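This briefing is meant to be read slowly, with the sequence and the structure in view. Please look over both before going on to the points below.

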Amino acid sequence: MLGIIKMNYGLTQKPTLSASECLVLGVFSDVELSAFAQSLDKEHQGLISRLIKKTSEAGDMLWHHDLHGAILIVQCGEQGKFNPSQLKKRIAEVTGALIKHRIRSATICFPQIAQYSADWQLEQMIIQMDNQCYQLLEFKKKKAKAHQLESVTFYLPNANTEGLKLGEAIATGVEFTRHLANMPANICTPAYLGEQAMQLAKEFAQSMNCKVMGPEEMRQMGMETLLAVAQGSAQPPRLIDIHYKGAGDAPPIILVGKGITFDSGGLSIKPANAMDEMKYDMSGAASVLGTLKACALLKLPVNVIGLIASAENMVSGTSVKSGDIVTSMSGQTVEIINTDAEGRLVLADALTYAERYQPEFVIDVATLTGGIIVALGTVASGYMTQDEELAKLIEEAAMESNDRVWRMPLDDEYQDALESPLADMINAGFDRTASSVTAACFLSRFTEKYRWAHLDIAGTAWVFGKNRNATGRPVPLLTQILRHASNSR
Ligand code: BES
Ligand code: MN
Ligand code: ZN
């Protein structure tokens, strides 16, 4: 793929100074050097112990260059306080330092976190490292400066290639998602998403196939809520139906992604400030494709269907108007009182379409509401479900993948906000209260035929502000859910 530098990851049982340009050694402040570090220390006449003495706090880094190469000492602090979030920070700092020093190959020797398996730690380190190395240079004509790092070898005595494989697959899925999400909306249109899905299916032709539908097919199926969102745009909408088959005839797990390639708000137009960020409004769709890619790389024994409802929400003479009433594929009528509540409209028809596959369960992934950012910020994705078993699966997978979630309510009482005097429902509440929950309530009306959960990733899918960038979340979470589902079979 253009603009992405492919990283090589490996494992070693015997790290040496000369094996790569830089040896990174993470140490604890309150624990003796590991056997490996001790032998390295001896080999170099006590150099390592002397260097360590110059570090004190977690995060301190010290470079040493000599004829044999470079050593980077990283202080990891007290052993008892070294946890997954500390590891994440340290790896991010190390990666930044390696890139800054134009290092091409590195060997990373980090201590193991207590109570976590070595394979898990390896997986996390690869994902974190890869995240940090991601660059999109395609549009930089001047001053494009690609990082030099291309090969990273880990030393983690109890880890094996399973962790390596997992980390690499998830990192590849995350990269793909970030790449799609970062693409500007003049390139990443619904048609482009469709082509990318087709290409993905072609890349994994043995396990995947894909069908992309346009407005004609949508009209035939009665997808008026999806078409209503698309009708103001010059870009025709797409419904992507992509299948990964890894478990024969088992009922599929369906991931439904919101694929609004640009959300201007429509006639209920958004303010100009940061409107460009609305190119990320297809992050749910991108994460579905990224997860399918990880899943195919891992050859998970599970059946997964990705459904993506993609459209551009624009302002024109043909735009849907506030107050218009349309009939969804489910037969229920919707009064569109706010054209900026478009995500739920495209998802509604995709969720109804999902019924035909009699899924094991369905999870939709969407940058659905600004309200979820108010509630949870950028740390946890919000999820809603009335299925306790599914809630447990999501919670566990979130813990294991370190891709955090927080459950929001979905009580029937919130449904009242969607009552319409004219139609079966309005598409948004009249006030802004609990807007993330009313959005989920709206979706729930199209999911009665199967087990379902909704993931609102508006706060977690990209980093806001000047350094805006897609995060690739929740690919790690979704992949973990699929791994779980495949194990329980
Ligand atoms: N794509 C937005 C949600 C969003 C807002 C994501 C800001 C990330 C950052 C969604 O389509 C939207 O506009 N939601 C409205 C719903 C409202 C009109 C009921 C919102 O949350 O304001
Ligand atoms: Mn909107
Ligand atoms: Zn939107």
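How many disulfides does the count come to? The count comes to zero disulfides, and, as with everything that follows, this was computed from a predicted model.

**Cysteines**

- Cys 109 takes part in no disulfide, since the nearest cysteine sulfur, which belongs to Cys 22, is 9.8 Å away, whereas a disulfide requires two cysteine sulfur atoms within 2.5 Å.
- Cys 109 has a relative accessibility of 3% and therefore counts as buried, because the cut-off for buried is under 20% relative accessible area.
- For Cys 295, the closest cysteine sulfur is that of Cys 210, and the two sulfurs are 15 Å apart, which is too far for a bond.
- Cys 295 is likewise buried, and its relative accessible area is 0%.

**Residues around ligand 1**

- Ligand 1 is surrounded by 18 residues, of which the closest are Lys 270, Asp 281, Asp 340, Glu 342 and Gly 370.
- Sorted by class, the shell around ligand 1 is made up of eight charged, six nonpolar and four polar residues.

- Asp 281 places a polar side-chain atom 2.9 Å from a nitrogen atom of ligand 1.
- Glu 342 also uses its side chain, in which an N or O atom is 2.8 Å from an oxygen atom of ligand 1.
- Gly 370 contributes through its backbone instead, with an N or O atom lying 2.7 Å from an oxygen atom of ligand 1.
- Ligand 1 would expose 510 Å² if taken alone, and the protein buries 89% of that area.
- As for its location, ligand 1 sits in the second largest pocket.

How values were computed
Residues are numbered from 1 along each chain as its sequence is written. Chains are lettered from A and ligands numbered from 1 in the order in which they are written. This is a predicted model: local features need pLDDT of at least 70, side-chain atom pairs count only at pLDDT 80 or more; totals for chains, interfaces and linings use all residues. Side-chain values use heavy atoms; hydrogens and water are left out. Buried means under 20% relative accessible area, exposed over 50%, partly exposed in between (1.4 Å probe, protein chains only). A residue is near a molecule or strand if one of its heavy atoms lies within 4 Å of it. A polar contact is a pair of N or O atoms within 3.5 Å; within protein, one must be able to donate a hydrogen and the other to accept it, and residues adjacent in sequence count only if both atoms are side-chain atoms. Accessible areas come from the Shrake-Rupley method with a 1.4 Å probe; for residues, only the protein chains shown count as cover. On a 1 Å grid over the protein atoms alone, a cavity is a set of points where a 1.4 Å probe fits but cannot get out, and a pocket is an open set with protein on both sides within 12 Å along at least five of seven lines; lining residues have an atom within 4 Å of a point. A molecule sits in a cavity or pocket if more than half of its atoms lie within 2 Å of its grid points. Ala, Val, Leu, Ile, Met, Phe, Trp, Tyr, Cys and Pro count as nonpolar, Asp, Glu, Lys and Arg as charged, and the others, Gly among them, as polar.
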